Amino acid sequence: MNGSVVVSGVGMSPFGKFLDTSMKDLARVAVDAALADAQIGVGDVQAMFFANALAGLITGQECIRGEVVGYPLGLAGIPIHNVENACASGGNALHLAWMAVASGMYDTVLALGVEKANHPDRQRMFSAYSAGADVEEAFRTGDGAGVDRSPFVDRQAALAAALFDERGVTLAGLARVASRSLNSARLNPYAHRRFGATPEEVLAARTVVAPLTVLMSSPVSDGAAAVVVTSRPEAVAAHRSVRILASQLRTRPPKDQPDAPNAVQAASRAAFEQAGLGPRDMDFAEVHDASVAYELMAWTDVGLCADGEEQRWIDDGVTDAGGPMPVNRSGGLVGRGHALGASGLAQVHDAVAQLRGEAGPLQLTGANRRAVVQIGGGVVDWLTAASTVHVLGRD
């Protein structure tokens, strides 16, 4: 497969609660920005991979979502592939876009993720998230799950409790990680939550499911993000292009293999092997953090942090902007927001900005060579159903 595959353009809309904004309107902002960034037109896009998770349940657009969204943008006539893999949908779309270009089938394609998750009927909104798990064998939740909160918060709370019991993580430690992300999001013009918060304010916020407060989990966000993937020689040679050094997708291991790597571990190991690099070669990371508990699990599953070292990493500021391994400098899903189908591509948008040295007030010192981007999605038999991992880099 072609090893010279690059991201030549990225774009996204602000994330937030936009009840009166359509999926088409959100997409237009992201697509226009990505095409302008890549210095190409709609006619240069040979195929599109469209990521969305909830439109069927929220807006009623169950089928042909990419075709419906793309048509008014001029993205018509070309192959359009609709991609759904819960929160990992955007990462999955990028993985397919990379495969399509690396195989030589196309030289320029678009990965577009859009989510319109907010709805005036909050029960309809929260119950839609239940579709991200096996509806016949769903995990146990408390009263109100799917009515006044996403049922996944109940799982996040259980995982946070396990981190306390098994890894020595403290509630104050989780609050510090959330505060770090929220304070980064304050500087991110695309972020849903731009107010910042101290660890004390995170702890004082409303408890959703103990021990998690509302500021320890991602908000329900609407938004769009787009990435242009290409092998055109002039784009590969361009100084602003960012190489896709690895792209991997893995799913939950079989039930009869309880000791097998989980989806995040398997995808991460495969990606680093593909790139010929290791976790310590990364300058920074963007990882899945629908809650801070998920983020801490990603630190170890991706291979950045050793098991049991999570609290020390928090205390020592390892993942802070000035630390040796900055994580979720964009604000992550907790701060930037979580528009399911768009989130994986929004991570790439922000990682590309860092690698180009164009992240403005969020720019990290020396973060200009390698990054790992991970996002998971869904739950099957308690474990993450799917995860993508991308390694991005510049020469």
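User: Where is P211 found, and what makes the bond that joins A210 and P211 stand out?

Analyst: In this predicted model, P211 is found in the loop between strand 5 (207-209) and strand 6 (212-213). The peptide bond that joins A210 and P211 is cis, with omega at about 10°. Most peptide bonds are trans.

User: Why is D381 called partly exposed?

Analyst: D381 has 40% relative accessibility. Buried means under 20%, and exposed means over 50%. The value for D381 falls in between, so D381 counts as partly exposed.

User: Where is D381 found, and what is its phi?

Analyst: D381 is found in the loop between strand 10 (370-380) and strand 11 (383-393). Its phi is near 50°, a positive value in a residue other than glycine. Most residues other than glycine have a negative phi.

User: What makes I64 worth a look, and where does I64 lie?

Analyst: I64 has a positive phi, near 40°, and is a residue other than glycine. I64 lies in the loop between helix 2 (55-58) and helix 3 (65-70).

User: How do you know where empty space is left?

Analyst: Rolling a probe the size of a water molecule over the atoms shows it. In this structure there is 1 cavity of 30 Å³ or more. The largest cavity holds about 50 Å³ of space.

User: Why is the word "cavity" used, and which residues line the largest cavity?

Analyst: A cavity is a set of points where a 1.4 Å probe fits but cannot get out, whereas a pocket is open. The lining of the largest cavity is made by R176, V177, R180, W313, I314, G317, T319 and D320. Helix 7 (171-185) and helix 12 (310-316) are the elements that give two or more residues to this lining. The largest share, 3 residues, comes from helix 7.

User: How does the lining of the largest cavity divide by residue type?

Analyst: It divides into 3 nonpolar, 2 polar and 3 charged residues. G317 lines this cavity, and Gly counts as polar.

User: What is the volume of the second largest pocket, and which residues are closest to its centre?

Analyst: The second largest pocket has a volume of about 300 Å³. Of its 21 lining residues, H349, D350, A353, E358 and A359 are the closest to the centre. Helix 14 gives the most to the lining, with 6 residues. The lining divides into 10 nonpolar, 4 polar and 7 charged residues.

User: Which domains does the lining of the second largest pocket draw on?

Analyst: At least three residues come from each of domain 1 (6-120 + 222-243) and domain 2 (144-216 + 246-393).

How values were computed
Residues numbered from 1 in each chain as written. Predicted model: local features only at pLDDT ≥ 70, side-chain atom pairs only at ≥ 80, totals over all residues. Heavy atoms only, no water. 1 Å grid on protein atoms, 1.4 Å probe; cavity = no way out; pocket = protein on both sides within 12 Å on 5 of 7 lines; lining within 4 Å. Points joined across faces, edges and corners; volume = space filled by probe spheres on them. Helix = DSSP H or I, 4+ residues; strand = E, 2+ residues; numbered from the N terminus. Domains from an automatic or database assignment. Buried < 20%, exposed > 50% of the residue type's maximum accessible area, 1.4 Å probe, protein only.
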